[in-house]
Amino acid sequence: MTADDIGDEPREASRGLVLLCLLAIVAGACVGFVGGAFRWCLHRADSLRETILEWSHGIPYVGWLVPVALVALCTALAVMIVQRVPLAAGSGIQHVEAVFRGEAQPPRLVLVPARFVGGLLAIGSGLVLGREGPTVHMGAAIGAEAGRRARLSVPDVRLLQTSTAGAGLAVAFNAPIGGALFVCEEVTKSFRLRTVLPTLFGVAVAVACSRLVIGDRPDFAAGTVPSPQIALLPLFVVFGLLTGILGIFYNRLILGMLDLVARHRRIPPTAIGAMIGAVIGVVLFLNPLVAGGGDTVTQILVGGRTFVMPILLLYLVVRFFTGPLSYAAGTPGGLFAPLLALGALWGSLFAGLASFIPGVDAGVTVAMAMVGMAAFFGAVVRAPFTGIVIVVEMTAVTSVLVPMLAATAAAVVVATLAGSAPIYDSLRERMLQGQRPPRA
């Protein structure tokens, strides 16, 4: 590669870019296998949890204590891991953003086992958390370690950890384009060649390696989804506007739950984690679909099946609160996967309500669920293109792109005009405030 191939950059910069791309390939392979193993372990944990729940229902009177004790114990153990490696708490995406902005130091490799085991305990036991948070942060740690071992400059180490964080997201959702867009739209907010090329190489290799572990297929089997009529586009815009309002409340609820936990400093974090885990354990025993990451619920809805409207509303309300509650436990775990499940539930519920309008039939339900996934993601995270592309890649459906674009744009407009900060901006600021020494 010569300087002419990449514009006006000098030859030394070109060599540095080549080195970054080579390191991204090596680190991407590691991210792919680690992230693939993490997803495989979570799948096995889900199966084991279902078996234990089924067994507990056969125990008269005290069977509910089994999931309560299990989730409480796993959550407490995950919190104990976080106490040893504090960076393992929460999503990790806010830390990736802070590192890129020069506000925090790149993560160390010790973060990988902490995130892997802690995430497996927390998400696998049934907390309403997403797999993408640990996978993104593990990817960032692997990239940062590769940069340090190659003796890169501090800015290049930060850039490499950012690129491989995108590879981690791509592996989490089997969405390579979404992972690359995440880096450019959400983290760096730019499309500079020096960022894009290592990201593309890292994402491509990571997803290829992960597919050797988990297989090559979309995360959700949606089948053929008819394209909604253009005449229904205003309905999707109205849905997007309402979704923006819902996203505002969800962001406030996440921050409110974190504030509530922070006010109880005298209670040991492991005890708080165990109490939250016990609550989720009760929810799991009553109905497994209202706990966990939410992939099962999302698959049901995008696969063409649905629930009666009272059940849709119940699932939406319960998951709306158990997601922020689970995040407040402080274990490793992300927000993306629960967001997608909530969006699908909200879209299906809205479609059911809209079916009373003349000209709107039940055939729009699956389309509205998919649109809800992207729109709710956009309202909360404020990364509309990333949300849209992730949903398209996870479902392999493009027939709903036009209403998805309109609804997501409307949701983002409402959340922005209302002054609601993107969730990861708020979480990053909280994280940095916790790291700053108190004023004298």
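Where does Arg382 lie?

Mentor: Happy to. Arg382 lies in the loop between α14 (365-381) and α15 (384-395), where helices are DSSP runs (H or I, at least four residues) numbered from the N terminus. Before we go on, a word on the ground rules: this is a predicted model, in which local features need pLDDT of at least 70 and side-chain atom pairs count only at pLDDT 80 or more, while totals for chains, interfaces and linings use all residues. Residues are numbered from 1 along each chain as its sequence is written, and side-chain values use heavy atoms, with hydrogens and water left out.

Arg382 is not a glycine, yet its phi is positive, at about 65°. Its relative accessible area is 15%, so it counts as buried (under 20%; exposed is over 50%, partly exposed in between, with a 1.4 Å probe and protein chains only). Arg151 sits in the loop between α5 (132-149) and α6, but with a relative accessible area of 75% it is exposed.

Arg428 is buried at 9% relative accessible area, whereas Glu103 is partly exposed at 33%.

Next come Arg194 and Asp156, whose closest N and O atoms are 3.1 Å apart in a salt bridge. Arg194 belongs to helix α8 (residues 193-214) and Asp156 to helix α6 (residues 154-173), so this pair ties together parts 38 residues apart in sequence. Both ends are buried: Arg194 has a relative accessible area of 15% and Asp156 has 14%.

A further salt bridge pairs Asp216 with Arg211, at 3.4 Å between the closest N and O atoms. Here Asp216 is exposed at 59% and Arg211 partly exposed at 29%. Shared partners also build a network of salt bridges, made up of Glu97, Arg101, Glu103, Asp425 and Arg428.

Now the helix packing. Two packed helices are described by the angle between their axes and the distance between the axes. The axes are lines fitted to C-alpha atoms over the stretch in contact, and angles run from 0 to 180 degrees between N-to-C directions. Helix α2 (residues 65-84) and α10 pack at about 145° with axes 7 Å apart, in a right-handed crossing (the near helix turned clockwise from the far one by less than a right angle; anticlockwise is left-handed). Residues in contact (heavy atoms within 4.5 Å) include Ala72, Thr75 and Val79 of α2, and Gly273, Gly277 and Gly281 of α10. By class, that contact has 14 nonpolar, six polar and no charged residues, with Ala, Val, Leu, Ile, Met, Phe, Trp, Tyr, Cys and Pro as nonpolar, Asp, Glu, Lys and Arg as charged, and the others, Gly among them, as polar.

The axes of α11 and helix α13 (residues 336-354) come within 9 Å and cross at roughly 35°, this time left-handed. Asp295, Val297, Thr298 and Leu301 of α11 meet α13 residues, among them Leu340, Ala344 and Ser348. The contact divides into seven nonpolar, two polar and one charged residue.

Gly293, in the loop between α10 (269-286) and α11 (295-302), is in contact with residues including Leu127, Arg319 and Pro338. Its C-alpha is 9.8 Å from that of Asp46, 247 residues away along the chain. Gly352, in helix α13, is buried at 15%, and its C-alpha lies 6.8 Å from that of Met309, 43 residues apart in sequence.

Conventions: Helices (H or I, at least four residues) and strands (E, at least two) are DSSP runs, numbered from the N terminus. A salt bridge is a side-chain nitrogen of Lys or Arg within 4 Å of a carboxyl oxygen of Asp or Glu. Lists of a residue's contacts leave out its neighbours within four places in sequence.
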